[in-house]
Amino acid sequence: MKILTFSPTLTKIEYTLQDTESEKPLLEGMVKDWRGSRHIQKILREVKEKIILSGYTDEAITTIDFAISIRVPFGGSIFTRTKIADDDMMAELEKYIPYSPLHLPPVITLLAAVSEIFPETVAVVAFETSFFTELPDREKYYAVSPDMSNIGLRRFGYHGIFHKYAYLEGKKTLNARKILSICLENRPEIAAVADGRPLMVTSGATPLEGLPGLTTCGEIDPYLITAISKKMDIGPEEINNILTTKSGFTAICGKNVSFDHIFSKSAPEYKLAKDIMQYGILKNCGSGIAAMGGLDLIVFTGSYSYLGRFIGPWLQNKLSLHVSGKIKHPAWLCLDHDIHRLLANEAMETLNPMDS
Amino acid sequence: MNVLVFNCGSSSLKYKIISMPGEQELAGGAAERVGPKTSEPSRIVHRYNGKTEIIQVEMRNHHESFLEIMKLLSKYPDLIPDAVGHRVVHGGKYFTGPVISNDAVMEKLEEIKDLAPLHNPPIMELMYACGKSYPDLPQVPVFDTAFHSTIPDYASAYPIPSDICTKMNIRKYGFHGTSHQYVVEEAAKFLGISKSRINAVSCHLGSGGASLCAVSKGRSIDNTMGYSPLQGLVMSTRCGDLDPAVSMQLLSLHENNNEEVDKILNRQSGVLGLSGYSSDIRDVLNSIASGGSHDERLLKTSEVYLWRIKKYLGAYLAVTGKVDAIIFTDTIGEEVPFVRANVCLGMEIFGLSVDHAKNNNAHKLPVDISAENSPVRILVIATNEELAIARRTYETITGRPIKAVTQDLKS
């Protein structure tokens with residue numbers, strides 16, 4: 001089966017054409033600064049042309065052997081699994097815009113354009129938040145008045161597709177039941193998953209909370225928002241801009257960095273960043289182990305999953321766990337599937353549930 | 001040496017006279033309803049020799065309450081102070097330990113006043129009053145943040161632009177340091193470990209504020225509170241951890257009214273906000289236990305409150321490594337066995353195992369409530385911030401560490 005996958009972020013759309021019989025994508029590309037429905041339609045037409053040029057006819061992309069899979073960052077509490085896109089879904093997503101005002105509008109535009117350019121091709125939507133709809137109440141809610149929870153304030157995770165993959169692979173390969181899933185993306189996230197259910201996750205109501213990212217602050221004292229507003233005489237929009245685009249490891253290092261820099265270079269300018277990252281991971285692993293009451297396996301996924309080869313042994317050494325009267329150190333595993341491969345899997349599972 | 005310890009609240013001034021190094025509490029009390037007139041007159045409640053005396057006297061500010069307390073103490077020759085120790089909430093970046101107060105110290109305190117606008121100014125008013133009326137009486141400010149000055153930079157740095165951090169002195173300061181340090185030292189004594197070698201997680205669970213502290217080799221390496229006492233655990237009316245985007249959303253919703261947002265997060269959230277019933281977690285737990293309450297809000301409050309403690313306990317057990325003990329202290333930590341049992345439940349993986357009979361009968365403190373085979377000791381220790389302040393004051397003035405003095409006395 002061939003699956004055209006789309007992974008949109010605020011600044012770019014990545015796409016691939018996956019063949020479920022093959023490890024490597026048949027086609028891949030990326031478009032930066034996508035804006036407005038006409039631009040998106042133009043992008044999709046070009047993608048369609050490339051597919052046709054690579055040997056597929058118009059008819060071929062409408063058969064049951066061809067599908068589209070789209071990653072959507074936020075589906076609220078209503079989208080609990082990957083679904084086939086239809087008009088009802090579009091209407092529901094429109095309702096959720098106030099809860100994800102930055103991410104949902106462009107995604108809705110993308111879905112509309114997919115329906116326009118690929119009208120006969122079945123499209124599935126994989127929501128990053130679906131995996132977290134069953135987060136326990138104790139982890140889900142903040143200590144604020146329920147008036148705020150009633151308007152949808154709750155904790156989600158934002159790398160649910162990777163965490164689900166980590167759990168399934170951990171179970172399949174090592175029969176692990178209690179897993180710490182460490183997703184190493186530009187905005188990293190840790191989830192504790194026991195028997196397939198997430199019990200803890202580092203992100204919050206938005207992806208800003210949790211571990212620091214390359215440009216995002218992560219968890220900070222909530223008082224800092226009003227303190228900065230008062231002292232710097234700036235409003236929430238400007239503070240938001242600072243905390244989402246100028247903070248994180250970029251702020252720590254004083255320049256643009258990647259996790260490759262932080263973990264591969266020994267220069268002193270990266271030491272604090274590396275220490276902050278490792279410490280944040282260790283601390284949150286402790287919380288995850290408390291949530292599960294145990295640990296079978298640590299799994300690294302995401303674009304930087306290979307860095308797990310450095311972080312894994314460090315964590316293993318730091319975590320001394322009491323098991324049957326003995327001290328044990330947890331096992332770890334790095335998985336290398338990228339998000340597009342997982343989007344293809346999501347489409348397969350949704351369209352052929354008996355096979356998966 | 002008689003050390004007069006002051007613990008200054010916004011409308012009260014608590015005091016104790018402690019004879020050092022023998023650590024004997026000679027007298028204590030509190031000036032109450034200090035400030036503008038209230039429905040009841042301001043008064044001093046004074047305890048001495050097993051008797052309680054109530055003196056009604058007008059005290060319009062902390063300066064006046066200080067003078068009245070000194071006037072009262074002067075009637076008892078054995079209560080004349082030789083030094084004063086003050087509990088100071090915030091020492092900012094300047095004070096990593098107690099100091100003898102002088103003009104330079106006061107200047108630095110003025111400089112960092114904004115870091116604790118509600119707490120530090122009344123204490124400074126008191127220190128100025130003391131310096132003016134009793135210039136020869138040495139004063140030692142003991143800072144709640146000082147114990148946490150050893151938190152390493154990777155745990156204390158906030159990843160936000162350095163120009164903002166520098167301008168606002170932003171870092172994790174941590175709080176409740178005087179209490180954490182006290183109970184950790186007491187735990188070391190209890191376990192027969194040197195206080196410079198103990199590894200522990202201290203759980204200061206007050207009925208108002210609460211924080212956990214990770215301790216390695218007797219030094220604080222992390223605290224759940226941050227730049228302010230708002231971060232971390234769920235507290236009586238404080239929200240604790242919250243997605244920064246939610247704070248920004250609130251600020252937007254309230255048209256940039258910072259005071260309103262601070263009020264919501266500091267005074268209308270936490271146990272009170274979640275339950276809509278009481279700001280005291282004991283009320284919530286009692287209501288659930290006695291009535292078999294199925295009120296969804298109360299159950300949720302209890303779950304969120306307890307989980308946040310356990311979540312950080314796991315985190316700090318992981319970062320501390322080989323832990324000798326976890327310590328429960330302050331009102332909730334000392335008095336509510338259910339909280340201790342619940343927080344330790346399912347934590348065998350970290351070496352914690354509670355003896356439930358011991359836990360339910362933990363009245364005479366300090367006490368070890370862990371099961372015999374528990375690799376990590378679980379201790380309940382009564383905090384005594386006033387005694388801790390007296391110790392620090394004595395050490396600062398004499399230059400002699402209190403441990404050595406205690407050993408001398410025993411020998």
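Two residues count as being in contact here if their C-beta atoms, placed from the backbone, lie within 7 Å. The model is a predicted one, so to speak of local features takes a pLDDT of at least 70 and side-chain atom pairs count only at pLDDT 80 or more, while totals for chains, interfaces and linings use all residues. Residues are numbered from 1 along each chain as its sequence is written, and chains are lettered from A, with ligands numbered from 1, in the order in which they are written.

Domains come first. Their bounds are taken from an automatic or database domain assignment. For chain A, that assignment gives domain 1 (2–127) and domain 2 (175–334), with 29 Å between the two centres, taken over C-alpha atoms. For chain B it gives domain 1 (2–143) and domain 2 (192–380), and the centres of these, again over C-alpha atoms, are 29 Å apart.

Next, a pair of helices in chain A. Helices (H or I, at least four residues) and strands (E, at least two) are DSSP runs, numbered from the N terminus. Helix α2 (residues 87–95) of chain A packs against helix α3 (residues 104–117) of chain A at an angle of about 165 degrees, and the axes are 10 Å apart. That makes α2(A) roughly antiparallel to α3(A). Axes are lines fitted to C-alpha atoms, for helices over the stretch in contact, with angles running from 0 to 180 degrees between N-to-C directions; under 35 degrees is roughly parallel, over 145 roughly antiparallel, 65 to 115 roughly perpendicular, and the rest oblique. On the α2(A) side, Met90(A), Leu93(A) and Glu94(A) meet Leu104(A), Ile108(A) and Leu111(A) of α3(A). Sorted by class, that makes five nonpolar, no polar and one charged residues, where Ala, Val, Leu, Ile, Met, Phe, Trp, Tyr, Cys and Pro count as nonpolar, Asp, Glu, Lys and Arg as charged, and the others, Gly among them, as polar.

Chain B has a helix pair of its own to look at. Helix α1 (residues 62–73) of chain B and helix α3 (residues 120–133) of chain B pack at about 50 degrees, with axes 8 Å apart, and α1(B) and α3(B) are therefore oblique to each other. From α1(B), the contact draws on His62(B), His63(B), Phe66(B) and Leu67(B); α3(B) supplies Pro122(B), Glu125(B), Leu126(B), Ala129(B), Cys130(B) and Ser133(B). Six of these residues are nonpolar, three polar and one charged.

Back in chain A, helix α7 (residues 223–232) has seven of its 10 residues buried, so it is largely enclosed by the rest of the structure. (Buried means 20 or more other C-beta atoms within 10 Å of a residue's own, exposed 12 or fewer, and partly exposed in between, with C-beta atoms placed from the backbone.) The buried ones are Tyr223(A), Leu224(A), Ile225(A), Thr226(A), Ala227(A), Ile228(A) and Ser229(A). Their cover includes α8 (236–245) of chain A, along with α5 (162–168), α7 (244–253) and α8 (258–267) of chain B. Just past the end of α7(A), Asp233(A) takes a positive phi of about 55 degrees.

Finally, there is Ser181(A), which sits in strand β7 (residues 178–183) of chain A. Ser181(A) is buried, with 31 other C-beta atoms within 10 Å. Leaving aside neighbours within four places in sequence, its contacts include His163(A), Tyr167(A), Ile190(A) and Thr301(A). Ser181(A) and Cys285(A) are 104 residues apart in sequence, yet 9.2 Å apart in space, C-alpha to C-alpha.
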